[in-house]
Amino acid sequence: STNTESLIVWGIALLLLERFVSAATIHLSPQEAYYWNYAMHPALSYLDHPPMVAWVIRAGTLLLGKSEIGVRIGGLCLVVFSIWLLNALGRLWFSRRAGLWAALLFAVIPVFCAYGPVITPDVPLVCFWLLTLYLVSIAVLKDRPSAWYGAGVALGVAMLSKYTALFLVPSALLFLIADRAHRKWLLRKEPYLAFFISLVIFSPVILWNYQHQWASF
């Protein structure tokens, strides 16, 4: 019903408000201070993570200064976008209500509740992972070849966030193989060009590793 949907929206809004309050008042964890140190020393990549978390923190501190909320504001914005993306994915594949419930569950599940009040590489990873899924879904469900190129960009940025984003590639391939209705894309150029685009975007990390004896890999 409309009342239930309104309650879900208000619940999501309150959970986001709680995240913003926590982000502004809780001291940085040692892990966050470590990533802040990344941001103060710009590089193409770092030993144990790609650079996106550093870029997000640097943007936030340029906007709001060297404060807890400055370090976290970029991640908070990505969390809001992640919730919107999950809602959009639910609507695209199932229904309006499914999208709202998916967004609420994302906002309330404990492992995701930490994202926003705490900035880690997982925050941009989840956001751009969802964006990749959303654009691939647009491509296959609405038969829009150009959406693959957007998905390639999103995948590249996800890989700049955390190496585990690479698992999206075999996942998408298995999906296309398993689903007869969408198997035609295996014979189209767009998915392969999308993967090439993602590698171009990820290339700073490859270059950094080449310069540092492949330390991360």
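Predicted model: local features only at pLDDT ≥ 70, side-chain atom pairs only at ≥ 80, totals over all residues.
Which residues does Leu 16 touch, once residues up to four places away in sequence are not counted? Leu 16 touches Val 79, Val 80 and Ile 83, when residues up to four places away in sequence are left out. Leu 16 itself sits in helix α1, which covers residues 2-25, and with a relative accessible area of 15% Leu 16 is buried, because buried here means under 20%.

From Leu 16 I would like to move to Leu 44, which is 28 residues away along the chain, with 32 Å separating the two C-alpha atoms. Leu 44 is found in the loop between α2, residues 30-40, and α3, residues 52-64, and with a relative accessible area of 35% Leu 44 is partly exposed.

If we leave aside its neighbours within four places in sequence, His 49 is in contact with Tyr 35, Tyr 38, Pro 121, Lys 162 and Tyr 163.

One of those contacts, Tyr 35, is also in contact with Thr 120, and the other contacts of Thr 120, again leaving aside neighbours within four places in sequence, are Gln 31, Val 53 and Tyr 115. Thr 120 has its place in the loop between α6, residues 110-113, and α7, and at 7% relative accessibility Thr 120 counts as buried. Thr 120 and Ala 54 are 66 residues apart in sequence, yet their C-alpha atoms are 9.4 Å apart in space.

That brings us to helix α7 itself, which runs over residues 122-141, has 20 residues, and reaches 28 Å from its first C-alpha to its last, close to the 28 Å expected at 1.5 Å a residue.

Let me turn now to the aromatic rings, for which the count comes to 13 aromatic pairs. In one of these pairs, the rings of Phe 81 and Trp 84 have their centres 6.0 Å apart and their planes at 10 degrees, so this pair is stacked. Both residues lie in helix α4, residues 68-93, and they are three residues apart, which is about one turn of the helix. Phe 81 is partly exposed, with a relative accessible area of 32%, and Trp 84 is also partly exposed, with a relative accessible area of 44%.

A second pair is formed by Tyr 163 and Phe 217, whose ring centres are 5.8 Å apart and whose planes stand at 70 degrees, so this pair is edge-to-face. Tyr 163 lies in the loop between α8, residues 147-161, and α9, residues 168-178, while Phe 217 lies in the segment after α10, residues 190-211, so the pair ties together parts that are 54 residues apart in sequence. Is Tyr 163 buried or partly exposed? At 25% relative accessibility, Tyr 163 counts as partly exposed, whereas Phe 217, at 52%, counts as exposed.

These two residues also take part in a cluster, in which ring pairs link Tyr 163, Phe 202, Tyr 210, Trp 214 and Phe 217. I will finish with Trp 214, which is found in the segment after α10 and which counts as partly exposed at 41% relative accessibility. The phi of Trp 214 is near 55 degrees, a positive value in a residue other than glycine.

Note on methods. Residues numbered from 1 in each chain as written. Heavy atoms only, no water. Helix = DSSP H or I, 4+ residues; strand = E, 2+ residues; numbered from the N terminus. Buried < 20%, exposed > 50% of the residue type's maximum accessible area, 1.4 Å probe, protein only. Expected span 1.5 Å × (residues − 1). Phe/Tyr/Trp six-rings, centres within 6.5 Å; stacked < 30°, edge-to-face > 60°. Contact = heavy atoms within 4.5 Å.
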